[in-house]
Amino acid sequence: MGTPPPLEALAHAGVPLGERDTNGCTPAHLATTGSWHAAALEALARADSPLGERDAQGRTPAHVAARNGHASVVNALARAGAPLGERNADGRTPTHIAARCGHAAALKTLARAGVSLGEREAHGRTPAHIAAQYGHTAALKTLARAGVSLGEHEAHGRTPAHVAAQVGHAAVVDALAHAGAPLGERDADGLTPAHLAAGNGQVPVLEALARAGVPLGEHDAQGRTPAHVAALNGHAAVADALARAGAPLGERDADGRTPAHWAAGNGHAAALETLARAGMSLGECDDNGRTPAHWAAAKGYAAVLEALD
C-alpha cells in the first residue's frame, strides 16, 4: 500500500498536529511559508489540525500566506474552510498584509474566496491606502477590478491619492487616474494631494496630477495653494513645475500672503527667483502691510534680500 506521507503518518500515530512553538506558531503557520506547501496544509486539514490559530503576533496562517504572496496556499486555506479575514494584533487582515507587500495574486485569491478587500485597519486605512503608500500599482489594479473603492478617506481624511502624492509615487497616481479614483479630495486640514506633493518636493507627482486634469491651485484651510506650500518649503523645482502647468503662483492665503512672502520669510532665495522668472510680483503687501522684504529682513536673510534687490 506504500508509506503514508509524513504528516498523515504522524496523525495516524496520534501525534498532535496543532502544537505551538516558542513563537506561538502551529504547523499550519509554518506550512504557509512556502508556495509548495499547499499539500501539507491539505494534509493538516484532513487530520483536523486547526488552520486558524493565532501566533504570538496575532497572525493566522492566512496572514503568513498573504505576507509571502503564496496564492496557492491561500487557495488551499480557503478550500479547507480556514478563516481568511481575521485581524492580527495590529488590526490588519490578510488583505492589508497582501496589499502592503504588493501581492496582487494573493489579493485576487482572497477576493475569489469572498473576503472583503475594503476593510479598514486601526487608522482607517484600507488595503488601497496601503498599496498606494508602498507604490504597488498591480495590487491597486487588482483592488479596482474587484470593485473596491480607491477613493475612501482614512481617519485624517486622506485618500489613496493623498498617500501616494506625499511619498512620491507618480505611477500610482497614474494608476489611480486610470481607475477613475478621485485625485483632488481634501483631507481634514483642507489639503489636496497636490498640496502634499508640493510640500514634499514631488515634481513627478504634480506632473501626473496635471496630466489627469487636477486643479493645482486649490486653497487649503489656511488659504494656501500648492504654490504657497512649495515656497514655504523652498522647493524651487516644484514652483517651476507649477508654473509650467499653469497653476496660480500669486494667490493670497488667509493672511494675505503670497507664495513670495512665504519663500522670503523662510530664507528660500531660489524659490523667490523661480517666482520672479514666472512673472510674479515680489513686492506685494500682506494684510499687515508687509512685503516679502519685510519678512526676509525680520529673519535676517541677507541672501533673500539680495534676490529681492
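Student: Which side chain is joined to that of Thr60 by a polar contact, and at what distance?
Tutor: This is a predicted model, in which local features need pLDDT of at least 70 and side-chain atom pairs count only at pLDDT 80 or more, while totals for chains, interfaces and linings use all residues. Residues are numbered from 1 along each chain as its sequence is written, and side-chain values use heavy atoms, leaving out hydrogens and water. A polar contact is a pair of N or O atoms within 3.5 Å, one able to donate a hydrogen and the other to accept it. The partner of Thr60 is the side chain of His63, at 3.0 Å.

Student: Is Thr60 buried or exposed?
Tutor: Thr60 lies in the loop between helix H3 (38-46) and H4, helices being DSSP runs (H or I) of at least four residues. Buried means under 20% relative accessible area and exposed over 50%, with partly exposed in between (1.4 Å probe, protein chains only). Thr60 has a relative accessible area of 0%, so it is buried.

Student: How many of the 8 residues of H4 (residues 61-68) are buried?
Tutor: The buried residues of H4 include His63, the polar contact partner of Thr60. H4 is largely enclosed by the rest of the structure, because the number of its 8 residues that are buried is 6.

Student: At roughly what angle do the axes of H7 (residues 104-112) and H9 (residues 137-145) cross?
Tutor: Axes are lines fitted to C-alpha atoms, for helices over the stretch in contact (heavy atoms within 4.5 Å), and angles run from 0 to 180 degrees between N-to-C directions. The axes of H7 and H9 come within 8 Å and cross at roughly 15°.

Conventions
Helices (H or I, at least four residues) and strands (E, at least two) are DSSP runs, numbered from the N terminus.
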